[in-house]
There are 2 protein chains.
Amino acid sequence: MGGLSVLSLSGLPEVGQGENLAQLIVGAAGTIADGTIVAIAQKIVSKAEGAVVRLADVTPSARALALGERQGKDPRAVQVVLDQSARVIRAERGVIICETHHGFVCANAGVDASNAVESDTLILLPRDPDESARQIRANLRALTGKNLAVLITDSFGRAWRNGQLDIAIGCAGIAPLDDWRGRVDSFGRELRATWLATVDGIAAATELARAKDSREPVVLVSGLERLVTSEDGPGARALVRAASEDLFR
Amino acid sequence: MGGLSVLSLSGLPEVGQGENLAQLIVGAAGTIADGTIVAIAQKIVSKAEGAVVRLADVTPSARALALGERQGKDPRAVQVVLDQSARVIRAERGVIICETHHGFVCANAGVDASNAVESDTLILLPRDPDESARQIRANLRALTGKNLAVLITDSFGRAWRNGQLDIAIGCAGIAPLDDWRGRVDSFGRELRATWLATVDGIAAATELARAKDSREPVVLVSGLERLVTSEDGPGARALVRAASEDLFR
């Protein structure tokens, strides 16, 4: 009998640029038990890091003007999406699927207007979400003395299936993948390729613990202490499949 | 502050063809609280339904012989995969990605040799996992008098990202998707297209509650009673994106 519990954290204030998220989280949570996984929605990480762009400051390129025209989008917003992209993978039916500079494949390169404080502001993904997770983890350790893991999560669509799931775009202090390939099942036979995206599974669960319109961007996961490591580990970068190994790009 | 708890169920016996899963689950769990989500790994549903094939009974077609040769697989196993597929989407590097008759896109059409009782046996996906979920739910209701939701889960790979996640291939008594599109965020602005694959998020969490080599194919999820419905609902079929709407097939 194993299990986990997933609890959203209430009482976090609105996050502005330059704020110390670890301090806000500890302030709202009080004590956090050793081995807790602290999952933080990307938006507040980006806001704290100032990863935002004002549309008024953007001059669209000819490419952004053409793409915005074809896809029915503000060309300035399209320019921001292009700036965040290594390449555009699909642009159809008003959807622009990009490969970000991190290697994530997602709509609009993860650029988001919702939950921005000013209505002409776009929120970008953190420049290096694994580094963001490592810094927040170090700050949490300094404040609490506890060994915690940190996930940074965002909602991504999927190929083939309707609906979005939260995934981990950054992590520290946890093994992002649990590799059972080559291990045997309960009958002693080798398991089918089984390579669990542990941190994506945790991220998916965090979304269930909060309402999308609530101000609960932080979720605490307990019961998975076995997955929490002393070192920061490889980060969510390990979940990015190289384009050369991807059958669907 | 919201949350959920995810607990794997111990004490289930090995499941054979024709067995009543609801009875086995209630026997192992004792009482189950109203509004609990009962997530069941596909393998025991398939075993109970007799959705298995003996390799010795399979005669590979010319296509299966050729594909098996190219991909280094037993042509009889390839024949079983082809029989379960509406079409083969990719066949490269020893991986055969199929669209199943249900519309699922996954490796080997979900056909699996691991956790089979006999080593020459392949386990297929249930013929209609939503119907399987509805039947198990009705049996659970008859045994317990409780309004429960049932998920049937399996581990699928993803495009673009390493590692697998459990998803819901069947469900009953729960809304499979939570549609926030058009609703406004906490600042009154319209949310980015937000259409949560609720049952996939729950399925992803169940995998974290058990060890892959354990005999704990059933996981009980509480705290999400708000998602449990009186009617069976549309099932996991609602998560299957039509090929005509899919940019990646």
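Trainee: In this predicted model, what describes the packing of helix H3 (residues 62-71) of chain B and helix H4 (residues 75-83) of chain B?

Mentor: Two packed helices are described by the angle between their axes and the distance between the axes. For H3(B) and H4(B) the angle is about 115°, and the axes lie 8 Å apart, while the crossing of the two helices is right-handed.

Trainee: Which residues make the contact between H3(B) and H4(B)?

Mentor: Contact requires heavy atoms within 4.5 Å, and the residues that make it are Arg63(B), Ala64(B), Leu65(B), Leu67(B) and Gly68(B) from H3(B), together with Pro75(B), Val78(B), Gln79(B) and Leu82(B) from H4(B). These divide into 6 nonpolar, 2 polar and 1 charged.

Trainee: Turning to chain A, what makes strand S8 (residues 149-157) of chain A mostly covered?

Mentor: A residue is called buried when its relative accessible area is under 20%, and 8 of the 9 residues of S8(A) are buried, so the strand is described as mostly covered.

Trainee: Why is S8(A) said to pair with strand S2 (residues 37-41) of chain A?

Mentor: Pairing needs at least two bridges, and S2(A) and S8(A) have 5 bridges in the parallel sense, so they count as paired. Within S8(A), Thr153(A) stands opposite Ala41(A).

Trainee: How many bridges join S8(A) to strand S9 (residues 164-172) of chain A?

Mentor: There are 8 bridges, and the two strands run antiparallel, with Asp154(A) having Ile167(A) in S9(A) as its bridge partner. S8(A) and S9(A) form a hairpin with 6 residues between them, and Trp160(A) in the turn has a positive phi of about 75°.

Notes
Residues are numbered from 1 along each chain as its sequence is written. Chains are lettered from A and ligands numbered from 1 in the order in which they are written. This is a predicted model: local features need pLDDT of at least 70, side-chain atom pairs count only at pLDDT 80 or more; totals for chains, interfaces and linings use all residues. Side-chain values use heavy atoms; hydrogens and water are left out. Axes are lines fitted to C-alpha atoms, for helices over the stretch in contact, and angles run from 0 to 180 degrees between N-to-C directions. Helices (H or I, at least four residues) and strands (E, at least two) are DSSP runs, numbered from the N terminus. A crossing is left-handed if the near helix is turned anticlockwise from the far one by less than a right angle, and right-handed if clockwise. Ala, Val, Leu, Ile, Met, Phe, Trp, Tyr, Cys and Pro count as nonpolar, Asp, Glu, Lys and Arg as charged, and the others, Gly among them, as polar. Buried means under 20% relative accessible area, exposed over 50%, partly exposed in between (1.4 Å probe, protein chains only).
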